[in-house]
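Dear colleague,

I am handing over a structure together with notes on what came out of it. Please look through the model before reading on.

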Amino acid sequence: MIKIRGLTKRYGDVEALRGIDLDVAPGEFLVVLGPSGAGKSTLLRCINRLCAPTEGEIHVDGSRVDAGGASLRRVRRKVAMIFQHYNVVPRLSVRKNVLTGRLGTMPAPLSWLQIFPRQDIEIAMECLRRVELDGKADLRTDTLSGGQKQRVGIARALAQQPRVILADEPVASLDPKTSRTVLTYLKQASRELGISVVCNLHQIDYAREFGERIVGVAGGRIVFDGGPDGLSADVLRRIYPGLEDDAACGGAPRARPATPPHSLTLEEA
């Protein structure tokens, strides 16, 4: 479903990604594990062309992502995004937030006027049922909890009917119980609908619990690619250089003490 070869991304003199080669199978739930600054978010942004790679090629469902124009728009319709900070429109209803996932399939005049066909409304409600929020469809989204807002984000992504979902630290702002709920909904959707999911995480225990396959990234390079059982202490030291071994026990890794330095805008629903 996703094929990446030789992906490099530079920001000036800084190499955020260094020669990434990666394949993601249809329906696979892939966790990208690594510390902040490892290049995880840049990887996702290159896949959906929110930022342009410096070198390399990316294919999604057989189409090159850098083709541009109408070809890029077709690829982006197949790729949905779930963000760390929800990216919902607070003043819109829950239903209308989910319906924004249908805008890419609608004629421009209808999308400008926010006139949604009945079929799209039914799709949105089915996606809300999948994350158990259909009873809150008419509420303003700013009345929801953080976990509920992230479930709205999942429903919006599913309403796009994508082949791929890119989830960038989707539980970083949530408590452990809510985090597991959100990741459970996301993995269920991947399994039942055959959607490939690439999910960035930095929590080792969540990666082990939910990842079918884990790719460890450090310093812009892939340093591990395998199943959850392969996350040994040695592997975790490669993913998290300079962190103590208790990370291998499943908790959040702890840094060693530092050495002292020397010298849409949309209308309200």
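Six strands form an open sheet with mixed pairing, in the order β6-β7-β8-β3-β9-β10, where strands are DSSP runs (E, at least two residues), helices are runs of H or I (at least four residues), and both are numbered from the N terminus. At the edges of this sheet stand β6 and β10 (221-226), each of which pairs on one side only, and from one strand to the next the twist averages 20°. Pairing here requires that DSSP finds at least two bridges between two strands; strands β3 (residues 29-33) and β8 (residues 196-201) run parallel and are joined by five bridges, with Val32 opposite Asn200 in β8.

This is a predicted model, in which local features need pLDDT of at least 70 and side-chain atom pairs count only at pLDDT 80 or more, while totals for chains, interfaces and linings use all residues. Residues are numbered from 1 along each chain as its sequence is written, and side-chain values use heavy atoms, with hydrogens and water left out.

The secondary structure of the protein chain comes to nine helices and 10 strands. A second open sheet, of four strands with antiparallel pairing, has the order β2-β1-β4-β5; because β2 (14-24) and β5 (63-64) are at its edges with a single partner strand each, one side of each is left without a neighbour in the sheet. Two bridges link strand β4 (residues 55-60) to β5 in the antiparallel sense, and His59 has Arg64 in β5 as its bridge partner. Helix α1 packs on this sheet, touching β1 (2-11), β2 and β4, and its direction makes about 120° with that of β1; contact means heavy atoms within 4.5 Å, and axes are lines fitted to C-alpha atoms (for helices over the stretch in contact), with angles from 0 to 180 degrees between N-to-C directions.

Six of the eight residues of α1 (residues 40-47) are buried, so the helix is largely enclosed by the rest of the structure. Buried means under 20% relative accessible area and exposed over 50%, with partly exposed in between (1.4 Å probe, protein chains only). The buried residues of α1 are Lys40, Thr42, Leu43, Leu44, Cys46 and Ile47, and the helix is followed by Arg49, whose phi is positive, near 65°.

Helix α6 lies across β6 and β7 (164-168), at about 175° to β6. Gln148 belongs to α6 (residues 146-159) and is buried, with a relative accessible area of 18%; beyond its neighbours within four places in sequence, Gln148 is in contact with Leu133 and Lys136.

As for confidence, the chain averages a pLDDT (the predictor's confidence in each residue, from 0 to 100) of 88, and 88% of the residues score at least 70. Over residues 246-252, however, pLDDT stays under 50, and over residues 254-269 it is also below 50.

With best wishes
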